[in-house]
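Subject: Structure for you to look at

Hello,

Please find the structure below, with notes on what turned up in it. Keep it open while you read.

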Amino acid sequence: MSEMPLKDLMAYMAKAAKEGAEALRLAGPEVRTKAILEAAKAIRARKGEILAANQADQAAAATKGITKAMIERLVLNDDRVEAMAKGLEEVAALPDPVGRELARWSRPNGLDIARVSTPIGVIAIIYESRPNVTADAAALCIRSANGAILRSGSEALQSALAIFAAIEDGLVAVGLPKTAIQLVPVSDRDAVGLILGGLDGAVSLIIPRGGKSLVARVQADARAPVLSHLEGLNHTYVHADAHPDKAVALTLNAKMRRVSVCGATETLLIDKAVAADLLPKIAQALVDAGCTLKGNSAAQAIFAMDAATEEDWRTEYLDTVLSVRVVNDIHQAMDHIKTYGTEHTECIITENAEAAELFLNSVDSAIVLWNASTQFADGGEFGLGAEIGIATGRMHARGPVGAEQLTTFKYQVRGTGQVRP
């Protein structure tokens with residue numbers, strides 16, 4: 001199939017995905033559950049193949065000047081392969097999101113109206129260097145009965161193909177067409193352009209998961225609806241009433257647990273009332289962990305660090321770099337977030353419930369946390385099993401995009417012979 005001319009290949013995939021989506025929709029939830037569980041088994045059985053493919057991707061990436069953050073996202077090991085398999089099992093255990101009655105009411109004329117959840121159709125997912133997205137996206141689309149066309153970044157293509165073979169195993173094991181979920185098997189960049197064109201109406205929704213340039217291109221060129229997120233330019237705010245130990249532990253985890261994930265904190269805001277006492281403790285813990293700090297003049301006066309520029313406040317580092325600003329109070333902290341944030345994830349650290357509620361209600365980001373690390377910005381941590389991304393828009397879905405967010409609805413109207421006067 002990969003030897004076809006690209007345009008013919010993509011047309012074939014579009015037709016097959018549309019037919020496969022119909023088969024998924026008509027299959028019962030038990031069949032879809034079993035398909036995901038069989039795919040999890042196949043991932044474990046194919047671990048050797050997956051890791052070998054990933055080694056090939058890593059070797060190729062090393063010759064291309066790929067950034068440290070991209071390499072970190074690309075790498076698979078025994079634990080990450082097992083995490084993929086467990087993630088599929090968690091998705092399989094989720095309540096089936098299709099066919100749920102969302103609302104029901106009767107009209108004075110006797111019409112019975114129900115709003116019922118349905119699949120979206122065929123979802124095209126374009127992503128970059130994270131191999132696990134192949135497994136997560138496929139499982140979520142099977143769970144929500146959507147067909148899918150997956151397009152991995154070239155840096156992770158061999159890994160993605162090896163993982164995708166396990167997804168096909170799962171579909172075939174339960175008698176579903178393996179073309180219900182497809183992976184573009186070539187690295188040709190023109191495939192993205194064809195997907196953005198909608199593939200003659202076959203694509204119902206496009207989801208980009210990657211850097212700013214990818215998301216911008218999809219938003220600019222797509223001929224189908226787009227569900228996307230901007231950068232995770234996330235903030236942790238240490239309030240005047242923060243518990244010192246929590247402030248150190250939460251900030252350290254929010255930044256350094258994994259610097260390359262979209263939930264990593266990129267800017268630390270700290271109240272001037274406690275900065276002299278707490279900032280040295282927090283900063284030293286970060287520096288000891290290998291983090292470089294860039295601060296405003298007030299932060300520099302307290303702890304030795306580089307000067308932050310205007311651009312730093314607007315930068316998603318995805319690296320061991322953190323911007324630091326001493327602020328006057330909670331209102332200045334929230335103003336900073338409103339000015340520089342991307343409406344992704346923000347945290348307040350405080351023992352003051354009134355201040356926490358003000359922050360939770362006033363900061364208009366997709367995820368707002370109180371005394372919890374921004375690294376919890378993850379569908380699995382929300383109990384969604386997995387996610388395709390964190391949506392920062394305001395239409396259809398916001399925050400972690402799991403199986404439930406990959407459904408729409410229709411109205412079922414039951415009558416007894418009513419005609420409209």
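Arg398 has a relative accessibility of 30% and so counts as partly exposed; buried means under 20% relative accessible area, exposed over 50%, and partly exposed in between, with a 1.4 Å probe and protein chains only. Its salt-bridge partner is Asp364, with 3.2 Å from N to O. A salt bridge here is a side-chain nitrogen of Lys or Arg within 4 Å of a carboxyl oxygen of Asp or Glu. Arg398 sits in the loop between strands E14 (390–391) and E15, and Asp364 in the loop between helix H15 (353–362) and strand E13 (367–370), so the pair ties together parts that are 34 residues apart in sequence. Asp364 is partly exposed too, at 40%. Helices (H or I, at least four residues) and strands (E, at least two) are DSSP runs numbered from the N terminus.

This is a predicted model, in which local features need pLDDT of at least 70 and side-chain atom pairs count only at pLDDT 80 or more, while totals for chains, interfaces and linings use all residues. Residues are numbered from 1 along each chain as its sequence is written, and side-chain values use heavy atoms, with hydrogens and water left out.

The whole structure holds 22 salt bridges. One of them joins Glu404 to Arg100, whose closest N and O atoms are 3.8 Å apart. Glu404 is in the loop between strands E15 (399–400) and E16 (407–414), and Arg100 is in the loop between helix H5 (78–92) and strand E1 (101–106), so this pair ties together parts 304 residues apart in sequence. Glu404 is partly exposed at 45%, and Arg100 is partly exposed at 28%.

Asp221 and Arg217 meet at 3.8 Å, N to O; both lie in helix H9 (residues 212–221), 4 residues apart, about one turn of the helix. Asp221 has a relative accessible area of 42% and Arg217 one of 36%. Elsewhere, salt bridges link Arg32, Asp96 and Arg143 in a network.

Now the strands. Three of them form an open antiparallel sheet in the order E1-E2-E16, where two strands pair if DSSP finds at least two bridges between them. E1 and E16 are at the edges with a single partner strand each, so one side of each has no neighbour in the sheet. E1 pairs with E2 (residues 112–119) over 5 bridges, in the antiparallel sense. Ala103 stands opposite Arg115 in E2.

Regards
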